[in-house]
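Please read the following report alongside the sequence and the model.

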Amino acid sequence: MASTKKRNVSSAKTTERSIKIAKLNLDSKVDDILESRKHANDVFDILEGLQSEREKSVISAVNACSRLFCSLLERKELFMGKLPGEDEVLSGGYSAEEKYQIFMRHRYNSSVEMLLEHLSLGHPEVYESALCCLMKFAAAEGQHPLEDLDWTEHYSFPRHLIQAVVDRLLSKTRDNSLQISRFQEFLEMEDIRYYAMSFIRESVGRVMDKNKGAGMLLYQRNVFTIMSNISVPSQESELTNFMVKQEAKHEDWKAAKLLEHKRAFERMWLGFLKYKLPNSMYKKVLVILHDSILPHMSKPTLMIDFLTAAYEVGGAISLLALNGLFVLIHQHNLDYPDFYRKLYNLLEPSVFYVKYRARFFHLTNIFLSSSHLPVYLVAAFAKRLARLALTVPPTALLIVLPFLYNLIRRHPSCRVLIHRPSAGDEPLEDPYLMDEEDPAQCRALESSLWEIKTLQKHYHPDVAKAAMLINTPLSEKEDDIDAVLEITTFEMMERDLNQTQIKSVPLEFETATQLLKGGGDVLGQNFSLD
């Protein structure tokens with residue numbers, strides 16, 4: 001057994017030593033290639049290292065490629081322009097200098113292809129090294145372009161290389177969230193972010209149209225992951241971090257204009273959202289829409305169709321669509337005729353159990369804060385909440401009761417709901433129609449808030465105490481419901497269990513001594529059977 005362990009240790013040391021030797025060999029080969037062109041064929045040994053099955057060997061080869069080709073780009077020893085095939089070079093017509101540049105350009109393209117493979121299939125350390133190497137190539141190409149720049153729109157930015165990286169990250173068959181999180185560092189650069197947004201939009205249109213949206217869950221997940229990591233600066237003066245600094249007419253470059261960034265951001269999201277999304281992703285988009293998407297769009301009103309469609313879906317998706325609609329209604333004057341009717345129908349028992357409950361009641365409180373709302377509408381909301389209060393947990397009741405009191409404070413005409421006397425021969429039947437979808441037809445104003453009176457007998461003392469407030473005149477100051485929106489059952493139990501006794505319970509000042517001892521005279525005196 002001991003000899004086996006010794007062999008394992010010795011083999012591990014041998015492997016580590018061989019990796020170090022291989023790394024030194026690769027470094028020396030890079031030096032030889034850069035020093036003399038007679039060693040140009042040594043580049044095949046470096047490329048062979050990229051195909052190794054050992055992770056450390058691959059990383060060493062990646063570092064060697066980075067140093068070699070970045071140096072060749074700086075020295076302008078890679079062929080520039082449309083690259084001829086290697087067979088075409090053999091036919092003649094090229095100088096020795098051009099043949100060397102074409103040869104190295106082909107090897108450079110081969111290394112890029114291998115690095116892209118490692119980007120989607122490699123070990124975390126490998127794909128991180130591959131990604132960093134590819135971005136170094138992109139920066140070097142930006143300073144020393146390999147294409148003839150006969151157009152002015154894109155200047156000297158390495159579009160094809162960045163597009164290849166983005167396309168590889170947007171895999172259709174595997175989750176690339178880890179690779180995308182590493183790529184986020186580069187998305188903070190203005191020019192990379194601008195072109196990446198265009199490439200994402202083109203990729204989504206091409207892939208989704210080709211596959212008709214079928215079986216594209218992994219692809220859509222990768223797209224959403226990279227898009228949700230993109231944010232646009234709020235001011236043009238913040239556009240300062242560029243990978244490639246244009247020497248001439250930098251201010252005319254689209255990537256240097258905030259409006260162009262917002263347009264690219266807007267087109268990217270609209271192109272993604274026009275296709276059918278899984279419900280889970282639908283919710284993720286709606287959660288970030290109001291603060292991570294709408295503020296960065298040049299025309300947020302273009303999201304009206306998406307948000308109104310989401311609002312009509314029902315359930316949790318409708319709840320989440322409220323945030324985006326709130327932004328469009330209050331900041332961009334969106335006119336939604338049936339908005340309050342839909343909001344009224346969202347008040348169902350399930351709304352008290354979803355994790356978005358706090359957000360829903362916060363926004364509903366804002367929507368019902370206007371004093372210009374008709375009385376029948378406010379009464380309908382108050383009555384529906386009161387009816388639901390009969391079946392909800394105590395944590396929700398501590399939200400509902402202050403919410404109802406605030407509605408009555410804002411709309412004094414609803415005070416008729418607090419007490420409605422009835423004649424002695426009048427049947428005790430509530431005229432309110434709970435199943436009516438139209439708040440104008442539910443007859444809430446003909447009813448009363450008898451449910452609050454019922455809650456005064458609730459088993460939880462905090463709920464009973466809150467319900468007792470309806471017996472006294474309500475103060476003009478509104479209750480702050482934000483303090484109770486996030487309260488949980490666990491917090492309520494912890495608070496009750498940790499409550500300290502403020503005052504002692506009053507007891508008999510003289511201790512009873514004969515009450516339970518069975519004395520006949522005592523019982524006879526106090527409990528005569530005659």
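This is a predicted model: local features need pLDDT of at least 70, side-chain atom pairs count only at pLDDT 80 or more; totals for chains, interfaces and linings use all residues.

Residues are numbered from 1 along each chain as its sequence is written, and side-chain values use heavy atoms, with hydrogens and water left out.

The chain has 22 helices and zero strands, taken as DSSP runs (H or I, at least four residues, for helices; E, at least two, for strands). Of its 530 residues, 46% are buried, that is, under 20% relative accessible area with a 1.4 Å probe.

The axes of α12 and α14 come within 8 Å and cross at roughly 25°, which makes α12 roughly parallel to α14, a term for angles under 35 degrees.

| Helix | Residues | Residues in the contact |
|---|---|---|
| α12 | 279-293 | Asn279, Tyr282, Lys283, Leu286, Val287, His290 |
| α14 | 315-332 | Ala316, Ile317, Leu320, Ala321, Asn323, Gly324, Val327 |

The residues of this contact divide into eight nonpolar, four polar and one charged, with Gly counted as polar.

Asn365 lies in helix α16 (residues 357-367) and is buried, with a relative accessible area of 16%. Leaving aside neighbours within four places in sequence, Asn365 is in contact with Phe403, Arg410 and Ile481; from Asn365 to Ile481 the separation is 116 residues in sequence and 8.8 Å in space, C-alpha to C-alpha.

Key:
Axes are lines fitted to C-alpha atoms, for helices over the stretch in contact, and angles run from 0 to 180 degrees between N-to-C directions. Angles under 35 degrees count as roughly parallel, over 145 as roughly antiparallel, 65 to 115 as roughly perpendicular and the rest as oblique. Contact means heavy atoms within 4.5 Å. Buried means under 20% relative accessible area, exposed over 50%, partly exposed in between (1.4 Å probe, protein chains only).
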